[in-house]
Amino acid sequence: MQTNNSNAASRRDFLGKLAAGAVAMGTVSLAPFAAQAMPEAADHEYADADEWFNKIKGKHRIVFDATQPHEMMPFAWPKVFLLTNAATGTPEKDCSAVVVLRHDAVGYALQNEMWEKYKLGELFKANDPLTKAPATRNPFWKPKDGDFKIPGIGNVPIGINQLQDSGVMFCACEMAITVFSAVAADMMKMDAAAVKKEWLGAVLPNIQVVPSGVWALGRAQEHGCTYCFAG
């Protein structure tokens, strides 16, 4: 069994290779990411993340894998899951829906200020559904009534806060936050560690930070969730 130190060394080796490969391919330098990506002492306890999955309950359980903006899909599907379960006799309180925000969808876990400051709409290729231009706000945090319409259904309340009120659980991949905050820092000539700390401090209320999205997908399925790609 590996020790914590050997695990940390393995992670640093992997991240170093990732950064070297990115530079070789001519992409944005991930050197800051390799230097500070997964510190041995994390800012929060991963034990809390494990405990968070114990909130999953009820007869019907599902985890949505959100890897890309995919317009409104990462947020529409949990609502559809709850609505159609209610229509077939299972109320919200007897359902669990978990949304894992990872890879290019991790920006949706962050406050509006981060979207404006770091131009996350451009970074993640995420357009504002109202302006159709790269978003300068998190369009799914406290949206206005009527922001989202589905043909044949009409207005749908699919803001993160609205879904949380219906019991939907959201978590965010720290690995993705680490990578993209380093990319943003590199582009803006800022300190990667400071930007990552700022992003972690800007995670929306009641969104659980997890070590990685794939880790979270595994935990959710261990707690009885069926997997669904949120695209």
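**Aromatic pairs, cores and salt bridges**

The structure holds 11 aromatic pairs. Rings of Phe, Tyr and Trp (its six-membered ring) pair if their centres lie within 6.5 Å; planes under 30 degrees apart count as stacked, over 60 as edge-to-face and the rest as tilted. This is a predicted model: local features need pLDDT of at least 70, side-chain atom pairs count only at pLDDT 80 or more, and totals for chains, interfaces and linings use all residues. Residues are numbered from 1 along each chain as its sequence is written, and side-chain values use heavy atoms, with hydrogens and water left out.

Start with Phe53 and Trp215. Their rings sit edge-to-face, 5.9 Å centre to centre, with 65° between the planes. The pair links distant parts of the chain, 162 residues apart. Phe53 lies in the loop between helix H3 (46-52) and strand E1 (60-66), Trp215 in helix H10 (residues 213-222). Helices (H or I, at least four residues) and strands (E, at least two) are DSSP runs, numbered from the N terminus. Both Phe53 and Trp215 are buried. Buried means under 20% relative accessible area, exposed over 50%, partly exposed in between (1.4 Å probe, protein chains only).

A salt bridge is a side-chain nitrogen of Lys or Arg within 4 Å of a carboxyl oxygen of Asp or Glu. Asp50 is partly exposed, at 31% relative accessible area. Arg219 is partly exposed too, at 21%. The structure holds six salt bridges. Another is Asp128 with Arg137, also at 2.7 Å. Here Asp128 counts as buried, at 6% relative accessibility, while Arg137 is partly exposed at 23%.

The largest nonpolar core has 54 residues. Such a core is a set of buried Ala, Val, Leu, Ile, Met, Phe, Trp, Tyr and Cys residues joined through side-chain atoms within 4.5 Å. Helix H8 (residues 174-188) gives the most to this core, with eight residues. Phe75 is among the residues with the most contacts inside the core. Leaving out residues up to four places away in sequence, Phe75 touches Leu101, Tyr108, Phe140, Ile158, Ile160, Leu163 and Phe170 (contact: heavy atoms within 4.5 Å). Phe75 also belongs to one aromatic cluster with Tyr108, Trp115, Phe140, Phe148 and Phe170.

Helix H8 also holds Met187. At 54% relative accessibility, Met187 counts as exposed.
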